[in-house]
Amino acid sequence: MFARSPVLNQSGPTEFLFRVFTTVPEFQALLFLLFLLLYLMILCGNTAIIWVLCTHSSLRTPMYFSLGNLSSLEICYTSVVVPLMLSNILGARKPIPLAGCGAQMFLFVSLGGADCFLLAVMAYDRCVALRHPLHYTLIMTQKLCVQVVVCAVGLALLLALQLTALIFTLPFCGHRREINHFLCDVPPVLRLACADIRVHQAVLYVVSILVLTVPFLLICVSYVFIASAILRIRSAAGRRRAFSTCSSHLTVVLLQDGFCALVYLRPRSSTSEDEDRQFALVYTFVTPLFNPLIYTLRNNDVKGALKKAINSKGTAEAL
């Protein structure tokens, strides 16, 4: 896709520093505890989903296969960022080498992209289930589900590799540069380059459209068909329940894609580094926390499996 070599440019700085949120020790401790709590909740919530899906054969369906993969992505996605972020909040700032920054950017972009693609796949799955319930298992076969997930992850990895390789061919002036962010995200790293970045910015827009806009449009189309199918449900209670679930899913999608678009698709002249860092907190903590809540608390099958697992564990311990 690009003619540039993926070898990291070594003529610039050997390391980067992340800008701190605050220098007040009390606020640092408070932020550390808050982000640690959110991170643990993300890990526990998504791990519980994976555990339930793996231990209950009744949940081994295409929809739950995608949900299990989404939970796995959420765990990896946040783990790429949060541990290093926590270590920099409490204590002395730790520099990250150029290669380490490139690795974090690649993993963050690839996992985030795969997350967006997978949400589109899950919307299509729900569309098929509601519009063609009798042919659902014939259309959404296990083989097709595996192929779709592999393609989603593979495409995200390819786009992230090309984008990261292109960015790290840029020269970065100075030995140690400060990134006004808590991770090596694309826009703040681009701002540190001491070269013309118009081509790199254009490539970022193209990748962002492929990763954010295209899946979002597919999700919107899927939910138009889902809405038409829901309106044909005769039971008023069934319609309310279906609309409530769909609105929750769309809320998470809008939250994630909306804030990502504000960071990656806004013109560079209208962007603010401080705003970008605040927006990034939403798709780093809020959506990975909401996804397991939305896809489980409004799902009777998963809730029932969780209750059964907790009750059986409590009974085993009592014996």
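Trainee: At what angle do α3 and α5 pack, and how far apart are their axes?
Mentor: α3 and α5 pack at an angle of about 145°, with 8 Å between their axes; the axes are lines fitted to C-alpha atoms, for helices over the stretch in contact, and angles run from 0 to 180 degrees between N-to-C directions. Helices here are DSSP runs of H or I with at least four residues, strands are runs of E with at least two, and both are numbered from the N terminus.

Trainee: Before I go on, what sort of model is this, and which residues count towards what?
Mentor: This is a predicted model, in which local features need pLDDT of at least 70 and side-chain atom pairs count only at pLDDT 80 or more, while totals for chains, interfaces and linings use all residues. Residues are numbered from 1 along each chain as its sequence is written, and side-chain values use heavy atoms, with hydrogens and water left out.

Trainee: Back to α3 and α5, then: is their crossing left-handed or right-handed?
Mentor: The crossing of α3 and α5 is right-handed; a crossing gets that name if the near helix is turned clockwise from the far one by less than a right angle, and is left-handed if anticlockwise. By class, the contact of α3 with α5 has 19 nonpolar, four polar and no charged residues. Nonpolar covers Ala, Val, Leu, Ile, Met, Phe, Trp, Tyr, Cys and Pro, charged covers Asp, Glu, Lys and Arg, and the others, Gly among them, are polar.

Trainee: What covers the buried residues of α5?
Mentor: The cover includes α2 (62–89), α3 (98–131), α6 (186–190) and α7 (198–231), where contact means heavy atoms within 4.5 Å. Among the buried residues of α5 are Cys145, Val149, Ala152, Ala156 and Leu159; buried means under 20% relative accessible area, exposed over 50%, and partly exposed in between, with a 1.4 Å probe and protein chains only.

Trainee: Cysteines next. How many disulfides does the count come to?
Mentor: The count comes to one disulfide, a disulfide being a pair of cysteine sulfur atoms within 2.5 Å. Cysteine 101 and cysteine 184 form it, with their sulfur atoms 2.1 Å apart, and cysteine 101 lies in helix α3 while cysteine 184 lies in the loop between β3 (176–179) and α6, so the pair ties together parts that are 83 residues apart in sequence.

Trainee: What is the handedness of that link, and are its cysteines buried or exposed?
Mentor: The link of cysteine 101 and cysteine 184 is left-handed, with -120° about the S-S bond, and both cysteines are buried.

Trainee: And cysteine 145: buried or exposed?
Mentor: Cysteine 145 is buried, with a relative accessible area of 4%, whereas cysteine 151 is exposed, with a relative accessible area of 53%.

Trainee: Changing topic, what should helix α1 span at 1.5 Å a residue?
Mentor: The 31 residues of helix α1 (residues 25–55) should span 45 Å, and its end C-alpha atoms are 44 Å apart, which agrees; the expected span is 1.5 Å times one less than the number of residues.

Trainee: Which residues is arginine 131 in contact with?
Mentor: With neighbours within four places in sequence left aside, arginine 131 is in contact with Phe225, Ser228, Ala229 and Arg232. Arginine 131 is found in helix α3 and counts as partly exposed at 29% relative accessibility.

Trainee: Last one: how many helices and strands does the protein chain have?
Mentor: The protein chain comes to 10 helices and three strands, and of its 319 residues 46% count as buried.
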